[in-house]
Amino acid sequence: MDYDTRYPGIDDLKRLARRRIPNFAFDYMEAGIDRETGKRRNRDAFDGVRLTPRYLRDTSAADIETAIFDRRYAMPFGVAPVGLGNMMWPQAERSLAAAAQQAGIPYVLSTFSTTDLAEIAQTAPDVCWFQLYVPREGAALKDLLARVKEAGFHVLVVTVDIPVGAKRNRELRNGLKLPFSLTWNILWQSMTHPRWALTTLRHGRPDFVNVQRYRSGPTTGLAEFITNFSAHGVSQEHLRTIRNIWRGPLVVKGVQHPQDALAALNLGADGLIVSNHGGRQLDAAPSSLESLRQLPDAVRSKMTVMLDSGVRTGLDVIRAKALGAQMAFSGRSFFYGVAALGAKGGGQVTGIYRDEIIRSLKQLGCSSFAALDGGWLARV
Ligand SMILES: Cc1cc2nc3c(=O)[nH]c(=O)nc-3n(C[C@H](O)[C@H](O)[C@H](O)COP(=O)(O)O)c2cc1C
């Protein structure tokens, strides 16, 4: 095994992460919205998918390479976009981009990342995708897309599921503000985690470096900042404009309703990431797997369908494939990894998933990820 077996699963990394970083940073990563039932629903949905193994067949090979948008990836799993990544662990974004490049899996950089986009494109030249929060101002949209293209990102992922900044009670209680400012609460929590604090001091205060130039006004709460920068609801007109500017593969992230999936198809999008934002936006939203099951056939046959929200094991990636997702992503899995193990965390997470995906495929009696389909779903 090419990872540290003292932390054999993502839950082990989560436990360690909770101890290693200040509570406000852990809470930011972990928070769902409201009573966090949507977040739990994601997990329950995965746990409820049963697959029936097939034996009496040769399982010496398990091909997990995946072709998406004319590029080959070493496994069907990638790093979902996570804003303010370097707050969880200094330089988390760069180290995860490097781990993704090394593992040959997609790395999706958030608009609200805290590392310069050009630096990430250089760190992960073969696997970098860019996630766009559509700016409210047309000029900012054009400029940002030009920078993304110039930097060499392969795929543009437009997130559509934040029409309004989320009220996450954990963040409000902790008083998180931007630029990241030191309140007594945050100072106290930092002092009790000296390794995190010293490394953060050395690397500087995390900030939204990619959108700094478009921003005006003073310090704001996280939700407020996001709402002020972004368009209030990404409209079909926005997507049409983006489709005209961006010639490369275009993915819409955050789709849940079948009609929205069809609209994305009709507007010329190439792919979807079915997602409820990790349970961070609407507590009543269906789990990502429930939404995946509802996708219309036209979408399944014409678009590249992907998924995130709640993925924690290689078996979950396989479960999502049995229900039609060609690639799965996770945000928290990777950030648990870096928060727990620093620069080694990314490799630990990719190692765990690779091992679990291969073992699950072999256990199911399927020789390639591409061949895995609904025929493996248990008939109960
Ligand atoms: C701390 C945090 C920050 C996030 N920031 C973004 C973001 O900037 N853009 C985006 O499209 N999604 C963002 N997401 C959502 C993730 O891309 C992804 O949908 C979610 O993490 C998947 O669920 P999982 O964390 O359970 O794997 C964020 C998620 C978390 C946990």
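The largest nonpolar core has 118 residues, and Trp129 and Leu132 touch the most other members. Such a core is a set of buried Ala, Val, Leu, Ile, Met, Phe, Trp, Tyr and Cys residues joined through side-chain atoms within 4.5 Å. Buried means under 20% relative accessible area, with a 1.4 Å probe and protein chains only. This is a predicted model: local features need pLDDT of at least 70, side-chain atom pairs count only at pLDDT 80 or more, and totals for chains, interfaces and linings use all residues. Residues are numbered from 1 along each chain as its sequence is written, and side-chain values use heavy atoms, without hydrogens and water.

Take Leu132. Not counting residues up to four places away in sequence, its contacts (heavy atoms within 4.5 Å) include Thr111, Leu141, Val157 and Ile242.

Trp129 also belongs to a cluster. Ring pairs link Trp129 with Phe69, Tyr73 and Phe329. Rings of Phe, Tyr and Trp (its six-membered ring) pair if their centres lie within 6.5 Å; planes under 30 degrees apart count as stacked, over 60 as edge-to-face and the rest as tilted. By this rule there are 10 aromatic pairs. One of them, Phe77 with Tyr353, is stacked, at 3.8 Å centre to centre and 20 degrees between the planes. This pair links distant parts of the chain, 276 residues apart: Phe77 sits in strand S3 and Tyr353 in helix H18. Helices (H or I, at least four residues) and strands (E, at least two) are DSSP runs, numbered from the N terminus. Both Phe77 and Tyr353 are buried.

Note on methods:
Buried < 20%, exposed > 50% of the residue type's maximum accessible area, 1.4 Å probe, protein only.
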